[in-house]
Amino acid sequence: MTHPAWDRAILALSLLALDPGGLGGVWIRCRAGPVRDRLLAALPSPLAQRRLHPDISDTQLYGGLDLTATMQAGHVVRQDGILAKAAMLLLPMAERTPPGLAGRLATALDEDKGHCLVALDEGADPEEQLPPALADRLAFHLDLSDLGHHDTAEVTAPIPVEPFEMAKADPDQLKELVLLAARLGVSSLRAPLFALRAAQRNAVLNGRTKVDQADLVAATELVLAPRATCLPDAAEDTPPPPPPPGDTAQDQSDPGDVETGLPQEILLEAARAMLPPDLLARLASGSGSRNRGGSSGSGSKKRGNRRGRPLPSRPGRLDGTNRIDLIATLRAAAPWQTLRRQQSPRRSGLHIRAGDIRVRQYQEMSDRLLIFVVDASGSAAMARLAEAKGAVELLLAEAYARRDHVALVGFRGESAELLLPPTRSLVQTKRRLAALPGGGGTPMAAGLKTALDLAGQTRGRGLTPTVILLTDGRANIALDGTANRERAQSDAAKLARTIGAQGLPALVVDTSARPQAQLKELAHTLNGPYLPLPRADATRLGAAVSAALDP
Amino acid sequence: MTVFPFTAIVGQDEMKQAMILTAIDPSIGGVLVFGDRGTGKSTAVRALSGLLPQIQVVKGSATNACALEEVPEWESAGTELVSAPTPVVDLPLGVTEDRVTGSLDIEKALARGEKAFEPGLLARANRGYLYIDEVNLLEDHIVDLLLDVAQSGENVVEREGLSIRHPARFVLVGSGNPEEGELRPQLLDRFGLSVEVGSPTDIDERVEVIRRRDEFENDRAGFMAKWDAEQAALRARIVAAKAALPDQHTPDETLKACAELCIALGSDGLRGELTLLRAARALAAFEGAGSVRLPHIKAVAASALRHRLRRDPLDEAGSSARVARMLDQVFGEPKIAAVGR
């Protein structure tokens, strides 16, 4: 007995065999293993299969001068790129695709040259995914990660079909698909277009010349359901990306329903059966795929402001982005000189071949900036400030090894102030922190805003900012300086949401005698850990911060 | 390769307007298109190449020189003038600096031992468009380089023993999804117009998008023929507007209105006013108005100003709403006074 997901996957591949270029390709989420091997065996092959890898160079993609062959031959040798001819592009480890490659592949798919991309996503966490720009351009999204070998069956690659007449879809059917996409909260217009194409190809596959209900159901299952961002019946009360889908969809579909025998309901049923049961939970927790920050599974590129630690050089090709390690190259070539001289006695000088070339590698570490946002209000201000100062100095003392910069924002009275601009200098810090005032209200929103601005600025300079909020109480001064507790708290929550949405790592240290539920909530909004530390001294604070930041 | 006809794009009027305006007056600067995926951003940019009027270039010139005396001395171009399509050049993410600015021509260096310059993307985009998809993910050093060239209109290459300069005047078109990253304010400011696109919320409009696309895929030649007349008409209007641009009269009231609006919005610098005025003038020329009036300003204000406002993390309405609010405030009641005087 095969699993329904497996049957759908096979259907998707058969449709792909009909028209690889038109459908763009397929995104297969599945770890490497027997299930995937079986599926790949069924990959249609009307096109040549080419394998890519996430670090593929431009020369390999687009073609260009073959430098090493040219050097050997003495005249210009060009090589064709992978993208020159329509091909079925296999992209293993697709979740690690850097944005640059994703952009190039997206352009290639847009060009209508007939490319077809099979993205093999081996991501383990929901966070690791194919870049959305690419996923949007692939018709089929298959998730086979829960399948075992017994759920599958042996399949053979579908045979490419002879030129065929494309099945016709009437305008009502087109409308059904568009409506359904809107009700499922799929805002991209590529989705209904792919659904239409899939339905047409499915009709061809079944020997029909007109698209019928079964084709629409298949298209819904394969194309629309995996992209759903909201449950169809929840469309009325949750606001999904296209604002009024629920209402307009219902109003406008009513007359159509009567004539065509409620296809909308049948399609919805098909989609609902496919939706992951935890869809709502995912959306509520905000960790759904579309809410991800800028990071992709590839890990953000380290943009250090220093060149970084040299790593051992390794064999490689000179593609204009890397530098040759001359000594290592010569060392690699040295043992072969005698042999090579015997082989080609006419050439003088050193004999260096392509395989000898070693390229330099660096490991760049981006510097981290710890922004301490310290509550300097009220009675406990002095003690807390002193602790914060102590922690800042302690962290700075080990900053050189950890590549940390620190900054300190204090908030008290009616506003916040940048007390210590980002620095690594212990001397400067000590001087600046010597006299800090305290007392007054708690303008937490102002403090968070200053931190947010600072984080934005420093990000542009290649630092990785982290916000650490030290406080014991509730916000009671709003952003505009008025003493309005309610507004102050909603302002603080809004800013916390902004910080969380920007993907800034954050940490809330609660220094009050009794842990406060409100601060815990704030930490949740900030998407960061919550540390209750009553009577924290500088050493414990420093240790706790280090521990929370380096899991 | 046939591209989807520009005129067949459903809706997205603001984006289309912005692109037409830059085609009329390239000095407006670039266009930034921010919006969700699958809203026709890339389609519109690629469609531009099918819409824009042809330009006269020196045959074989890598920098698309418009006259013989404009050809840089390092180029081996022909001597005759030919007409060529306006270049629309893609700048892919992760591109190397060499590819952008141009570098030593390795082929010539190896084969003939000559030190020659191989022009890069900036040379190819001269007098045309440079398109960056996912511009917010572009690496910083490339951004810096582009800013510099876009500002000066000239590309200077000093590397590998080469010392080359050539004109690089292009309209920068960037697109991206704001969820994936912000753009630095310096780069934002360099784009003349910015447009926010969203998926159409009207079901009929969405259906129309899919229908046209489907029609296009099924019968390209037929679809192109069907839209040919409209394409030609729009092209003719652009050419006519280009010619009429210098004749557009700008009354003092209009200038004052520009300044008032920018002050009310607190936009940084004077670039906002200048772009607003240029865009309004291009629109006036496009509509054959003869003089730049308040309705023109109003029609382009959001595109010209929304990306120049200081960011306010608490204003959840977004900058488009702020511009609209200010437009109402500034032009709401004193409108009659401003025009009547």
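Axes are lines fitted to C-alpha atoms, for helices over the stretch in contact, and angles run from 0 to 180 degrees between N-to-C directions. The views below show a predicted model.

**Figure 1. Helix 1 of chain A packs against helix 9 of chain A.** Helix 1 covers residues 4-18 and helix 9 covers residues 190-205, both in chain A. Their axes lie 9 Å apart and meet at an angle of about 90 degrees. Angles of 65 to 115 degrees count as roughly perpendicular, and helix 1 and helix 9 of chain A are therefore roughly perpendicular to each other. On the side of helix 1, the contact is made by A:Ser14, A:Leu15 and A:Leu18. Helix 9 contributes A:Ala198, A:Arg201, A:Asn202, A:Val204 and A:Leu205. Sorted by class, the residues of this contact are five nonpolar, two polar and one charged.

**Figure 2. Five strands of chain A form an open sheet with parallel pairing.** The order of the strands across the sheet is 2-5-6-1-7. Strand 2 (48-51) and strand 7 (140-143) of chain A each have a single partner strand, so they stand at the edges and one side of each is left without a neighbour in the sheet. From one strand to the next, the twist averages 15 degrees. Within the sheet, strand 1 (residues 25-29) and strand 6 (residues 116-121) of chain A pair in the parallel sense over five bridges. A:Gly25 has A:Leu117 of strand 6 as its bridge partner. Helix 1 of chain A packs on this sheet, where it touches strand 1, strand 6 and strand 7 of chain A. The direction of helix 1 makes about 150 degrees with that of strand 7 of chain A.

**Figure 3. Six strands of chain A form an open sheet with mixed pairing.** Here the strand order is 12-11-10-13-14-15. Strand 12 (415-423) and strand 15 (530-532) of chain A are the edge strands, and each pairs on one side only. Neighbouring strands of this sheet are turned against each other by 15 degrees on average, direction ignored. Strand 10 (residues 368-375) and strand 11 (residues 404-412) of chain A pair in the parallel sense over eight bridges. A:Arg368 has A:Asp404, in strand 11, as its bridge partner. Helix 21 (residues 517-525) of chain A packs on the sheet and touches strand 13 (464-471), strand 14 (506-510) and strand 15 of chain A. The direction of helix 21 makes about 175 degrees with that of strand 14 of chain A.

**Figure 4. A:Gly148 lies in a loop of chain A.** This loop runs between strand 7 and helix 8 (171-183) of chain A. A:Gly148 counts as exposed because it has 10 C-beta neighbours inside 10 Å, and the cut-off for an exposed residue is 12 or fewer. A:Gly148 and A:Thr2 are 146 residues apart in sequence, and their C-alpha atoms are 10.0 Å apart in space.

**Figure 5. Chain B has 14 helices and 11 strands.** Of the 341 residues in chain B, 44% are buried. Among the contacts in chain B with a separation of 6 or more, 74% join residues 24 or more positions apart. The mean pLDDT of chain B is 81, and 91% of its residues reach 70 or more. Over residues 333-341 of chain B, pLDDT stays under 50. For this stretch, the model has seven contacts beyond four places in sequence. Where pLDDT is low, the predicted coordinates should not be read in detail. The model as a whole scores ipTM 0.70 and pTM 0.67.

Methods
Residues are numbered from 1 along each chain as its sequence is written. Chains are lettered from A and ligands numbered from 1 in the order in which they are written. This is a predicted model: local features need pLDDT of at least 70, side-chain atom pairs count only at pLDDT 80 or more; totals for chains, interfaces and linings use all residues. Helices (H or I, at least four residues) and strands (E, at least two) are DSSP runs, numbered from the N terminus. Angles under 35 degrees count as roughly parallel, over 145 as roughly antiparallel, 65 to 115 as roughly perpendicular and the rest as oblique. Two residues are in contact if their C-beta atoms, placed from the backbone, lie within 7 Å. Ala, Val, Leu, Ile, Met, Phe, Trp, Tyr, Cys and Pro count as nonpolar, Asp, Glu, Lys and Arg as charged, and the others, Gly among them, as polar. Two strands pair if DSSP finds at least two bridges between them. pLDDT is the predictor's confidence in each residue, from 0 to 100. A residue is buried if 20 or more other C-beta atoms lie within 10 Å of its own, exposed if 12 or fewer, and partly exposed in between; C-beta atoms are placed from the backbone.
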